[in-house]
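Thank you all for coming. I would like to walk through one structure with you, going from its charged pairs to its overall layout, so please keep the view open while I talk.

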Amino acid sequence: MEIRKGIAVSPGIAIAGPLVIDSKDFRIPRRSILPSQREQEVQRVRDAFAGAIHELSKLEKAEGVQKDNIKDIFAVHLRFLRDKSFLARITDFVSEELVTAEYAVSTILREIASHFASIDDVYISERAADIYDIENRLLTQLLGKVQESVEHTSEESVVIAHDLTPTQTASFNKEFIKGFATEAGGRTSHTAIVARTLGIPAVVAIEDLTSAVTPNSTIIIDGNRGVVVVDPDEETRRQYEDYAREFIRLEHELDNLRDKPAVTRDGVVVKLLGNIEFPAEADMVLEKGGEGIGLYRTEFLYLYSGSEPTEEDHYEAYAQTVRNFGEKPVVIRTMDLGADKLPHDSPYPADTNPVLGLRSIRYCLQNLTLFKTQLRAILRASVLGNIRVMFPLITNLQELRQAKMILRDVMEDLDEYEVPYNPSIPIGIMVETPSAALTASLLASEVDFFSIGTNDLIQYTLAVDRSNERVATLSTAADPAVLRLLRSVIHDANKGKIDLSICGEVASDPEFVMLLLGMGVRTLSMASPMIPEIKQIVRSVTIEECNYLARKVATMDSPRQIKNFLRDSATKILPEAF
């Protein structure tokens, strides 16, 4: 039995066998196979060679290849891949060492590349790059099929990977994928957010986990405590089975709150909304008692389909969502592309520092056709219900005014063609950078509402990459600098008499609910599975208690002191959640 500690990002307990997804961009760990899997693994190597040869043959016949006289490069690669002794060396390694196809390909190819690079001949040493290219192509074949098997699995499993993209996570079939654990990531990474939305137990930032797992392992993922157990003994397994039953019992108990109002014991109403990525998730928000959508992350329309959505694709997605909610609010955030959410056909090379590069509203303002297509769809859907439009990552007034000007242009286009829309559609922004927080009083005069995106606000305030597991523990809303910015934005929104909500992950963290209420927040938007738990806390406290807690926190000067105090306070209210 091996117990690994990471960061809990999505609550729940999962117990199942592993499905391991390696990454061609990182070292492929040595992973053993059973003797009975030898033939299957050897066949995977042969299939990968066949797939790579087929792919290269198609490329070799392409028109540009003929014209540019680079056909010889493909011919060299094909000769390598058709060399029977080369293939045999890899399949023999699988058979004799009993290792995965990925590990055998990576090990043998890197040995050959290393040998070429060490030869004192420029022409031969430069061939090492060709070998790495072939390795990459073979691993793409192998890993692509693993990804397909994860998406189409029909057995209950937990996914173990170095890292997962948000779209990979969103593609999981929840009926069979019971949880996941990764070596990379942080609590507020987009992958973690998708896991919480789907209600899949998950733990991230566990060093060297993929190499600790064998095909016949049993894995326990404890998304409450941030623990992964590899090959548990009988007693530990029984203990976690009890935890899982208790978790499900609590979930069902809290679901009984669905039709009860989110009102504090002294009668203050708190609005609880849901965050979604896809229209189908709107039903889950209603099932959990959500009173609307506080954050519709529309970029997943681009990321999941593999092609740019049309105006009708946008419209149908928004119309389907808003019809579910009638007059309840649906806040549609314009696409937040860039950073770790790049479309497949992005015209731009990857940024050196993507979180500070071309993303969110900046991406939209440089891709006006794409931006206007989305705005047209939002405006057309606005006649169907209470739709609000929200611009992400606004950092200054100029960006906001430019975005509003484009929205007005689109309105004029619709007027010209007599297409109905709501000309008074509420306009809001996400406050998620220190610059926006510090100029909130100016921004408040030009919008109808703020939504504080705490994930990016923490990242940019504390200079901590939210998806980097090596600095993940530094990312916390309990830092006094972050709390000062939150207080300032809440104050400026109240002074400007505009609506304010919190839609970052802090809103779904039971430890922070009392503090946010004490700071004056009355609208929280979160992953739908968390709504009942947060409602239970709201219904268990008074605003006077929350105000006292907020004043007490304001006197503290260290994140650890604040976090411990908040945890102790929340544990008294809902001990089962911790």
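This is a predicted model: local features need pLDDT of at least 70, side-chain atom pairs count only at pLDDT 80 or more; totals for chains, interfaces and linings use all residues.

Let me start with a question: with which residue does aspartate 242 form a salt bridge, and how far apart are the closest N and O atoms? The partner is arginine 245, and the closest N and O atoms are 2.5 Å apart; by a salt bridge I mean a side-chain nitrogen of Lys or Arg within 4 Å of a carboxyl oxygen of Asp or Glu.

Residues are numbered from 1 along each chain as its sequence is written, and side-chain values use heavy atoms, with hydrogens and water left out.

Back to that first pair. Aspartate 242 and arginine 245 are separated by about one helical turn, because they are three residues apart in helix H10; helices here are DSSP runs of H or I with at least four residues, strands are runs of E with at least two, and both are numbered from the N terminus. Aspartate 242 is partly exposed at a relative accessible area of 44%, whereas arginine 245 is exposed at 52%. For these words, buried means under 20% relative accessible area, exposed means over 50%, and partly exposed is in between, with a 1.4 Å probe and protein chains only.

By the same rule, the count comes to 30 salt bridges, and two further ones deserve a look. In one of them, the side chains of arginine 359 and aspartate 456 meet at 3.1 Å, N to O. Arginine 359 lies in the loop between strand S11 (329–333) and helix H14 (360–365), and aspartate 456 lies in helix H19 (residues 454–462), so this pair ties together parts that are 97 residues apart in sequence. Both arginine 359 and aspartate 456 are buried, and they also belong to a network of salt bridges that links Glu299, Arg333, Asp336, Arg359 and Asp456.

The other is formed by glutamate 511 and arginine 567, whose closest N and O atoms are 2.5 Å apart. Here glutamate 511 sits in the loop between strand S15 (499–502) and helix H21 (513–518), and arginine 567 in helix H24 (residues 559–573), so the pair ties together parts that are 56 residues apart in sequence. Glutamate 511 counts as buried at 6% relative accessibility, while arginine 567 is partly exposed, with a relative accessible area of 38%.

Now to the overall layout. An automatic or database domain assignment supplies the bounds, and the chain is divided into domain 1 (2–18 + 162–249), domain 2 (35–143) and domain 3 (257–577). The C-alpha centres of domain 2 and domain 3 lie 46 Å apart.

Let me close with two single residues. Valine 42, in helix H1 (residues 38–60), counts as buried at 4% relative accessibility, and its C-alpha atom is separated by 8.4 Å from that of aspartate 92, 50 residues apart along the chain. Arginine 258, in the loop between helix H10 (234–255) and strand S9 (271–276), counts as partly exposed at 40% relative accessibility, and its C-alpha atom is separated by 7.1 Å from that of glutamate 287, 29 residues apart along the chain.
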